[in-house]
Amino acid sequence: MRLSTVILPVDRWHEGGRAKWRRAEELGFHTAYTYDHLSWRVPFRDGHWFGALPTLTAAAGATERMRLGTLVTSPNFRHPVTLAKELISLDDVSGGRITLGIGAGGSGFDATALGQEPWTPRERADRFAEFVPLLDRLLTEDAVSHRGAFYSADGARNIPGCVQRPRLPFAVAATGPRGMRLAARHGQAWVTTGDPKLYETGTPKQSEAALRGQIERLGEACAEAGRDAAELGRVLLHGFTPERNAPLESVEAFVDFAGRHRDLGFTEIAVHWPIPGTGFAADRAVFERIATEAIAQLG
């Protein structure tokens with residue numbers, strides 16, 4: 001089991017942002033991720049919110065060992081050609097420490113920020129099904145041409161490619177069958193937040209049953225793709241199950257939560273860096289103890 005963190009891009013770099021990323025490395029987190037949005041939900045909607053890829057570039061210069069990544073990038077405002085160029089550059093700057101968390105996107109503020117009508121769930125799935133394979137090609141081939149239903153590339157050059165070979169890893173966020181198939185075919189890891197229908201009124205047991213079902217469906221998608229499901233990491237983004245932020249109230253509570261989800265088959269849990277006055281509020285001292293002590297207690 002690996003323990004990672006998610007640092008929301010809400011701090012000016014020289015007024016606390018840089019210090020958080022450096023401290024995350026000192027605490028031993030496996031990966032520090034950030035969200036890739038133009039803006040996010042209330043209470044963050046009208047506050048500071050910085051770009052994910054510039055933030056990760058700065059974090060790459062402020063850290064040495066810890067992996068860095070997005071949870072998650074989506075087609076809502078990204079194009080595979082320009083994204084590939086930025087990712088290759090970021091992978092180079094970081095010395096090959098980047099993981100791309102990638103998902104189909106949602107119906108939040110990003111969905112309309114460029115002036116478009118929000119896509120339906122089917123449209124998001126259709127775009128994602130084209131986006132991921134094209135991005136895979138752009139990150140592994142020197143020159144790519146493509147004419148698709150949604151995206152085009154005309155001799156797009158991506159030399160020298162990623163530091164990580166054949167390309168930086170994808171962590172594909174998915175719960176539906178089409179997304180699971182993309183994870184099985186193109187992912188090095190799979191990401192879930194659990195079953196959103198259970199967030200408000202579900203129980204931990206119901207959530208665990210839903211997560212077990214998701215992992216089983218991922219295994220079926222891997223079998224269909226002729227791939228060993230054990231090759232994929234399985235990442236749980238913490239904070240969206242019925243327990244919400246309660247596992248961060250003590251080391252013991254987190255060890256219990258992490259142990260139950262390890263037994264389901266998860267290989268990594270990503271916890272949000274504490275932000276006072278939000279749903280991600282947590283005692284900083286307890287959070288740091290969880291970072292340094294919890295995984296060892298799992299045995």
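**Close-up views of the chain**

View 1. The model is a predicted one, in which local features need pLDDT of at least 70 and side-chain atom pairs count only at pLDDT 80 or more, while totals for chains, interfaces and linings use all residues. Residue numbers start from 1 along each chain as its sequence is written, and side-chain values use heavy atoms, with hydrogens and water left out. Arg244 lies in the loop that runs between strand S9 (233–237) and helix H7 (251–264). Helices (H or I, at least four residues) and strands (E, at least two) are DSSP runs, numbered from the N terminus. Although Arg244 is not a glycine, its phi is positive, at about 50°. Most residues other than glycine have a negative phi, and most peptide bonds are trans.

View 2. Ile159 and Pro160 are joined by a cis peptide bond with omega of about 20°. A cis bond also leads from Arg165 to Pro166, where omega is near 5°. Pro160 is in the loop between S6 and S7, and Pro166 is in the loop between S6 and S7 as well.

**View 3. Val163 and its contacts.** Val163 sits in the loop between strand S6 (152–157) and strand S7 (170–173). Its relative accessibility is 42%, so Val163 counts as partly exposed. With neighbours within four places in sequence left aside, Val163 is in contact with Asp91, Asp92, Gly95 and Gly96; contact means heavy atoms within 4.5 Å. Val163 and Gly95 are separated by 68 residues in sequence, and their C-alpha atoms are 6.8 Å apart.

**View 4. His186 in helix H5.** Helix H5 covers residues 177–186 and includes His186. His186 is buried because its relative accessible area is 15%. The side chains of His186 and Asp136 form a polar contact of 2.9 Å. A polar contact is a pair of N or O atoms within 3.5 Å; within protein, one atom must be able to donate a hydrogen and the other to accept it, and residues adjacent in sequence count only if both atoms are side-chain atoms. Not counting residues up to four places away in sequence, His186 touches Val132, Pro133, Asp136, Arg167, Phe170 and Arg227.

**View 5. Ser207 in helix H6.** Ser207 belongs to helix H6, residues 204–224. With 2% relative accessibility, Ser207 counts as buried. Residues up to four places away in sequence aside, Ser207 touches Leu198, Thr241 and Pro242.

**Setting of the views. The whole chain.** The chain contains eight helices and 10 strands. Its C-alpha trace spans about 55 × 45 × 35 Å along the principal axes. Of its 299 residues, 53% count as buried. Among contacts between residues at least 6 apart in sequence, 74% join residues at least 24 apart.

Terms used: Buried means under 20% relative accessible area, exposed over 50%, partly exposed in between (1.4 Å probe, protein chains only).
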